[in-house]
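Please examine the structure shown below together with its sequence. The paragraphs that follow lead through selected contacts, helices and strands.

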Amino acid sequence: MPILKILKSNQQIEVATKKVVIGRHSGDDLTLNDAKSSRSNTEIEYKNKKYFIRDRGSRNGTFVNGTKIEEALELKYGDKILIGTSELEFIKTPEKINLELIGYEIIEHVASGGMGKVYKARQVSLDRTVAVKVLSPKFTSDKRLTENFINEARSAGRLNHPNLVQVHDVNKDFQKDGSVVYYFSMEYVDGQTIKEIIRDQEKLSYLYTIDLLIATCLGLEYIHSNNLVHRDIKPDNLMLDSDQTLKIADLGIALNVEESTGEDITEDGQRRVVGTPHYISPEQARGRKIDHRSDIYSLGATAFHMLTGDTLYDGDNARDIIKKHVNTEPRLVSDVESKVPKLLSELINSMLAKDIKDRPQTAKELREELEDLKLRLQKNATGFRAGKQKNQHKKSPLMFSLIAVILGVIFAFMYLFLTSVNTDDNIKNINNNNGEQNNDTMAILQSQISQAQNLSDQNKYEEAINIFNKLKSQHPENDQIVILLKKTKVSRDSYNSEKIKNNFNNAYTRILEEAQSPDSSNLLALESKLKIFINKYKNTEEAKQLKKELKTIQKQIHKEQESSLLLNYQNEINSIKGEEKQIEHLKKNKKRFYQKESKSWFDNKINSLNHKLLEQVRDANKSARNINAHINANTFDFAMKQAKSYLENYEYSVAKNVILSKIADIEKKANNFKNGIIKKTNMLLNDDFDSAEAKLIIESNLSKLEGTKAHGSLKGNLNKILSVRRLHSEVCKFLDGSELIDLYPITEGFKEVRLKSKTANEEKIDIQKVYDANTNKERTQKLSKSWSSIDRAKIYKIYESVLRNKKSFKKYSKALETFKKIFKVKESDLKALD
């Protein structure tokens, strides 16, 4: 959908398929704050897939590209519209570009085709503008097609000729989403395609077309001499640069003659016809082997389009058109466009022969025929430049002005020389030649001639000519009236030529002065004026001079726009929290800015933030030394609190990592400290199961491990010891007052244990078999009557027997398991006692 943009304010509106009204009225679709515009001044309407602009009878009119429009006019992208003093531009909706290629800055999307898209870009390493063609994503998954794409572009890259668009580079790149793109970069041609010229002019003159065909043949000769076939010659792929030099584009699909067919085979075996339906050769359409004569056919179809404004064949779809190339004989160009000479029409018809043997056999042969035909049709070639030849097709408006002035002066002198009489003499001669007319008629005639002369003296030539034409019709036999009429026309032409010259010079002088002393608040309007002048007076020296001024103005515009953009970005970067994130954002966005001042600001900002980050690292290392002091003093609780506090203060990942490494060090040292305590307390427990010292050691050191993982582990160990002690105390409550060690006699004969009972009756437990059995430990050493020498397996069995008898086993089962783990009771010893 196109956009209509007010250049000064950047206000814009999308031009949909409905009618858009522009004017000073608040109810208009696009309201102009412009006193010189009218209410509902202009309208733009969408008809037959085109946009038309029409003035709605406004006071000051509507101008398109500097020309006042009198009726509905078709709009084209890039057209400048003047309504009152407001300048607007009719532009294409910019496409959002997500493409990123290493070494290139993508500027804008410029064209699309069946194989992919073309972008305007800047090659960073050489700081030059290039065109980048990207293979369509629908083809990138096919390995065979992508390999062909790369190989063909490399072949084209070896070509270098004035009539070819030079291929620079071919490669592939990966995007952020993980997809791969295949592309090649080439020379950027700042000009028009032949298709665009046909669109603007509807059809081309036959001499101009011959010049274009000769230039194309020069390029094709070079391509074919390198054993390549282009395979897609068409108006879209023929371009004229700013010097009017023809360039053949899209060499990326050119293929070696030995390998060339009219189709590509995809990786899955599918056939894909290469070429454009309106210009494809019959053999190419059939998918057969092709050679350079296929390019000659496509050039013939292109020539038909140039001369007639229509394509060779039409159809409801591509398949219908391709079938006609194979089966239907072509029309003669001269039958469609009678102005085209028959000889040229027949030559083009031979280029379109179905059988390749009936066509011109080489591009050189065709070029020579065209050159010979051109000389026969007109010796003075029209303005076109092939390769390095000078363009003569479009004369400078200033040159026309000068020629007109010179001719006017010559005619004036001729007239004075031939007549050598003044107006009164002419009137007398008229009187003498018409002596038979009555005095009244002569008086009227003299009055009318005097009136015409007075109008001519006032530079009102058209009114004077109208009078003389009327007199000529009334007095056809009077030669002097004819002479006066010619004199007036010569004066008019001289005056108009001088006026054109003066207007041109005044316009040039005025706009040059503006460009050399620009108003910084009105640069966009000045840019628009320069472009309109340059476009209107192409190829004049003045236009070339103003092109230089335009570049200077555009640089200034870009500088001011970038300054505003940089100011907004500075506010944006200051809103981002954390120096590290700011640096990442700066590095990512730096390439968006091109001005020296902007780049300098980015570099200074990044250096400043890097300095702050280094300061954070220095502070973090200092903090780490403080933490080490607490670690060395075994005050791990203080060390951990300090480390977590420091961690909150640092945002830089490197500084955080310094502290995080210290936290890991704290955990490691604290764990070693805990293991030492457990080892020490276990030794005490082996000597005296009811050791209060072991409990005291753990409790006194537990606080030092606060905040570490070791704290929870040591606390769990303490809880296990306490649970086993509670188990021991519980069992002793059920016994007859003896310590448990007394139940483990050294001598034989002890048969039972008396337990305390809540009733008067005493209950007995027969644990004879526990005492009679020998564990592995008892088999290997002599036991003394001490806690350390008691076999823990027998103690476990006594615990278990007592608890089961008192129905408390379930309550203390976990404590019993803990006892087994602390004193490393083996299952094999327990089984030996069963």
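Lys531 is partly exposed, with a relative accessible area of 34%; here buried means under 20% relative accessible area, exposed over 50%, and partly exposed in between (1.4 Å probe, protein chains only). Glu527, by contrast, is buried, at a relative accessible area of 14%. This is a predicted model, in which local features need pLDDT of at least 70 and side-chain atom pairs count only at pLDDT 80 or more, while totals for chains, interfaces and linings use all residues. Residues are numbered from 1 along each chain as its sequence is written, and side-chain values use heavy atoms, with hydrogens and water left out.

Lys531 and Glu527 form a salt bridge, their closest N and O atoms being 3.5 Å apart. The term denotes a side-chain nitrogen of Lys or Arg within 4 Å of a carboxyl oxygen of Asp or Glu. Because Lys531 and Glu527 are four residues apart in helix H16, about one helical turn separates them. Helices (H or I, at least four residues) and strands (E, at least two) are DSSP runs, numbered from the N terminus. An α-helix has 3.6 residues a turn, so residues three or four places apart point the same way.

In the whole structure, a search finds 32 salt bridges. One of them joins the side chains of Arg122 and Glu105, at 3.1 Å from N to O. This pair links distant parts of the chain, for Arg122 lies in strand S13 (residues 116-123) and Glu105 in strand S12 (residues 104-112), 17 residues apart. Arg122 and Glu105 are both buried. Another salt bridge connects Arg492 with Glu462, whose closest N and O atoms are 3.2 Å apart. Arg492 belongs to helix H15 and Glu462 to helix H14 (residues 461-474), so the pair ties together parts that are 30 residues apart in sequence. Arg492 counts as buried at 18% relative accessibility, whereas Glu462, at 44%, counts as partly exposed. Salt bridges also link Lys19, Glu43, Arg54 and Arg56 in a network.

Which kinds of ring contact occur among the aromatic pairs? Rings of Phe, Tyr and Trp (its six-membered ring) pair if their centres lie within 6.5 Å; planes under 30 degrees apart count as stacked, over 60 as edge-to-face and the rest as tilted. The structure holds 11 aromatic pairs. In one of them, the ring centres of Tyr508 and Phe533 are 6.3 Å apart and the planes stand at 40°, so the pair is tilted. Tyr508 is in helix H15 (residues 479-516) and Phe533 in helix H16 (residues 523-536), 25 residues apart. Tyr508 counts as buried at 16% relative accessibility, and Phe533 is buried at 6%. The rings of Phe636 and Phe673 have centres 5.6 Å apart and planes at 55°, so this pair is tilted. Phe636 lies in helix H20 and Phe673 in helix H21 (residues 653-687), 37 residues apart.

Finally, the strands. Strand S7 (residues 62-64) and strand S10 (residues 80-83) run antiparallel and are joined by three bridges; two strands pair if DSSP finds at least two bridges between them. Phe63 stands opposite Leu82 in S10. S10 also pairs with strand S11 (residues 86-91) in the antiparallel sense, over four bridges. Ile83 has Ser86 in S11 as its bridge partner. Two residues lie between the strands of the S10 and S11 hairpin, where Gly84 takes a positive phi near 65°.
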